[in-house]
Amino acid sequence: MKGIVLFFCLYLFLVSFLRESNAVSLVQNNGVYIVYMGAPDASNDGIKNNQADLMSSLIRRKKDAIVHSYKNGFSGFAARLSEAEANSIAQKPGVISVFPDPILNLHTTRSWDFLQYQTDVEISSGPIYGSGSSPNGADTIIGILDTGIWPESESFSDSDMSAVPSRWRGTCMESHDFSSSKCNKKLVGARFYDDSGEDDRKPFGSVRDQNGHGTHVASTAAGNPISGASYYGLAAGTAKGGSPGSRIAMYRVCTSDGCRGSAIMKAFDDAIADGVDVLSLSLGSSSGLEPEFSNDPIAIGAFHAVEKGILVVCSAGNDGPSAKSVVNVAPWILTVAATTIDRDFETDIVLGGNKLIKGGGISFGNLTNSAVYPLISGDLAKSEENDVSEKNARSCVPDSLDEKKVKGKIVLCHNRDEGYSPSDKLEEVKSKGGIGFILVDDNARTVAPKFKSFAAAVVTEKDGNEIFSYINSTRNPVASILPTVSKTKYKPAPVVAYFSSRGPAYNTHNLLKPDITAPGVAILAAWPGNDTKEAVLGQEPPLFNILSGTSMSCPHVSGIVAIVKAQNPSWSPSAIKSAIMTTAIQTSNLKAPITTNSGSIATPYDIGAGEASPSGAINPGLVYETYAADYLQFLCSIGYDTLKIKLISKTVPDDFSCPTNSSSESISKMNYPSIAVSNIKENETKKVTRMITNVAEEEATYTAIIKAPTGLEVQVIPNKLVFTNNSKKLNYEVSFKSSSKPVGDLFGSITWTNGKYKVRSPFVVTTYL
């Protein structure tokens with residue numbers, strides 16, 4: 001249905017869950033399995049021969065059995081197999097895992113099916129860092145795995161850009177609607193991956209974006225500054241990406257069926273060989289359905305990318321505000337949550353007596369400014385047919401309203417029936433002759449749903465109750481809905497988006513996720529210029545569109561990574577990640593702690609280390625380096641044996657072995673910028689160590705500032721670190737002791753400061769594993 005794009009938490013979860021459930025049948029019908037064989041090693045002819053032998057035997061059986069081959073960043077292939085063949089291959093030498101080709105989802109607040117019709121939100125009118133962060137990501141290359149790109153957008157022009165870096169080894173794949181000339185000094189690479197599992201015909205592939213998501217994400221990360229950008233006059237200003245000097249390489253891994261794991265792994269494999277500096281993925285599995293590492297295409301690809309010095313940034317998911325809903329939680333991934341910006345789209349409602357209600361959403365309706373239109377609530381417009389309940393009528397579900405009671409009126413509808421989308425309810429009002437639509441939904445009010453040319457608005461429960469009371473206390477209630485206006489300097493901001501997935505990590509409470517948060521609500525960015533379905537009646541298709549989701553927050557951070565990488569080209573992925581996390585902010589524009597959509601103070605489970613601060617990340621003072629040994633120990637801690645780990649990574653020392661007492665609790669000791677300790681008992685002390693590196697030029701003395709909750713004693717030894725030219729790396733120990741019977745999750749922070757820099761690490765201590 002066309003109209004609005006509104007989502008609420010349970011509906012989001014159900015849509016995601018059903019999509020993921022359907023993926024199982026798609027995999028079975030498709031018959032594609034991924035065979036993962038670990039790291040490539042030119043010196044290990046055995047593994048190379050194993051892969052070649054397996055692939056050759058399959059090709060002899062069936063010419064088109066092989067869908068993808070992986071050979072650059074890691075070894076393996078995707079192939080059409082029977083279940084028996086998959087089980088047999090899983091037992092072969094050199095094979096780590098064999099698993100069905102999964103379908104992952106884009107992390108916008110709408111699924112693919114709704115994408116063209118549903119409401120979303122916009123990006124800040126400029127980057128979230130100051131203009132003084134030269135060189136603006138110059139010559140860094142951001143690889144984006146998504147739905148493709150619309151190369152004609154001004155956001156991807158290469159005017160005044162220097163030559164493509166000589167280290168770039170990628171390509172620009174041609175298709176029926178995309179010539180190699182579409183690539184330029186800005187869009188340096190473009191690849192697409194045919195739909196797997198098509199036995200009878202060759203898929204009609206192209207890197208051209210037929211969805212809009214990839215174009216939006218790419219311009220958010222690295223789009224050129226475009227003055228006069230807006231969505232039909234709203235959010236007008238200069239739209240530019242987080243790192244406008246960066247290059248873009250697009251890897252189209254998503255189609256109308258979703259994002260196949262086999263294509264994602266092939267894109268990782270290609271991107272590693274192509275020479276990208278950053279990889280950005282605004283997609284992932286649904287909450288509660290994320291597979292273990294050896295069966296997770298994103299975790300596998302990201303592990304090998306990080307080994308090659310490429311930082312991987314991923315969206316945290318849109319299944320919030322439920323606990324344990326965060327996805328893409330591997331420690332080598334930078335996981336991004338979503339928050340609002342300081343702009344609101346206000347659609348006011350005028351009641352009789354000139355009472356003004358400040359609503360939200362985006363509407364280009366043409367009602368007069370005076371309250372002259374009859375107003376009715378859904379329950380009063382209930383149909384007398386088909387045994388309709390008052391509850392259904394109040395929510396305006398399909399076939400619940402009486403046309404005679406609705407025609408020519410503005411209808412107030414609650415959004416309490418999770419069985420139907422808000423667009424279904426809008427359509428019910430329109431089909432019965434309504435001239436206006438007011439939706440009551442606290443969550444939808446925060447994400448600026450779009451109604452196009454129909455007069456409509458979203459209000460909070462509080463304002464909805466006021467309108468409902470007015471209707472029931474007035475003989476002839478009237479109202480009008482005014483056109484939308486943009487309001488800047490909105491407070492409070494940032495606020496955690498209701499849909500943003502929350503921690504703790506589903507598979508371990510000893511790793512704090514998400515890592516960071518960034519703008520993901522009301523994001524204006526480039527859009528395909530031929531999308532007539534997004535056009536407002538009587539208008540040309542928009543060149544910029546407004547979307548919401550952790551899909552939008554992820555490229556903000558990818559842009560920051562590119563900026564930091566350009567300024568500090570020798571830094572490792574973990575150093576850049578640490579710089580972004582330890583310099584994050586935790587306060588809003590009210591100079592108060594960041595809050596959630598419900599008004600509670602945000603915890604690290606909501607925002608990780610806080611809101612990303614690009615200016616701080618460029619010069620963090622100190623960084624935490626998470627080394628390969630940390631990741632290998634992590635694999636030991638979650639149950640992988642030494643033999644399998646040596647297949648996964650070629651950086652494993654010959655004498656490496658997993659500790660005999662390795663457990664999930666040892667994950668706390670990984671040299672990570674945040675700290676998570678689990679299973680603490682009353683009067684019990686638990687200790688973790690960290691090593692921190694001075695990346696500033698000067699010698700310095702740092703002192704620890706501890707912020708601990710009541711009932712938890714936290715001690716840092718030593719509490720003073722003296723860095724010299726000969727002592728750039730120093731260790732410290734943190735001890736946690738529960739002085740009373742601990743209850744729930746205990747949050748705090750440790751900040752190292754020398755007066756110039758503040759290097760903050762959040763921590764959480766829990767009573768359970």
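These notebook entries record what I looked up in this predicted model.

**Ground rules.** I number residues from 1 along each chain as its sequence is written, and my side-chain values use heavy atoms, with hydrogens and water left out. Because the model is predicted, I require pLDDT of at least 70 for local features and 80 or more for side-chain atom pairs, while totals for chains, interfaces and linings use all residues.

**Domains.** I looked up the domain assignment, whose bounds come from an automatic or database source. It gives domain 1 (31-100), domain 2 (111-342 + 496-618), domain 3 (352-477), domain 4 (627-667) and domain 5 (671-768). I find the C-alpha centres of domain 3 and domain 4 to be 58 Å apart.

**Annotation.** An unreviewed UniProt entry places "domain: Subtilisin-like protease fibronectin type-III" on residues 670-765. I note that UniProt positions are in the numbering used here, that feature names are shortened, and that annotations may be inferred rather than shown by experiment. Over residues 670-765 I read 0% helix and 59% strand, with the end C-alpha atoms 15 Å apart. Helices (H or I, at least four residues) and strands (E, at least two) are DSSP runs, numbered from the N terminus.

**Strand β20.** Of the five residues of β20 (residues 373-377), four are buried. I take buried as under 20% relative accessible area, exposed as over 50%, and partly exposed as in between (1.4 Å probe, protein chains only). Two strands pair if DSSP finds at least two bridges between them. β20 runs antiparallel to β25 (residues 478-481), joined by two bridges, and tyrosine 373 faces alanine 479 there. With β21 (residues 410-414) the pairing of β20 is parallel, over three bridges, and isoleucine 376 stands opposite valine 411.

**Buried helix and phenylalanines.** I see that helix α13 (residues 573-582) is largely enclosed by the rest of the structure, because ten of its ten residues are buried; Lys577 is one of them. Phenylalanine 268 belongs to helix α5 (residues 261-274) and is buried at a relative accessible area of 0%. Phenylalanine 499 and lysine 489 are ten residues apart in sequence, yet their C-alpha atoms are 23 Å apart.

**Backbone entries.** Lysine 489 has a positive phi near 55 degrees and counts as exposed, at 69% relative accessibility. Alanine 522, in the loop between β28 and β29, has a positive phi of about 60 degrees but is buried, at 3%. I also recorded a cis peptide bond between glycine 320 and proline 321, with omega about 5 degrees. Another cis bond runs from lysine 513 to proline 514, with omega near 0 degrees.

A cavity is a set of points, on a 1 Å grid over the protein atoms alone, where a 1.4 Å probe fits but cannot get out; lining residues have an atom within 4 Å of a point. My search of the whole structure gives seven cavities of 30 Å³ or more.

Technical notes
On a 1 Å grid over the protein atoms alone, a cavity is a set of points where a 1.4 Å probe fits but cannot get out, and a pocket is an open set with protein on both sides within 12 Å along at least five of seven lines; lining residues have an atom within 4 Å of a point. Grid points are joined across faces, edges and corners, and a volume is the space filled by probe spheres set on the points.
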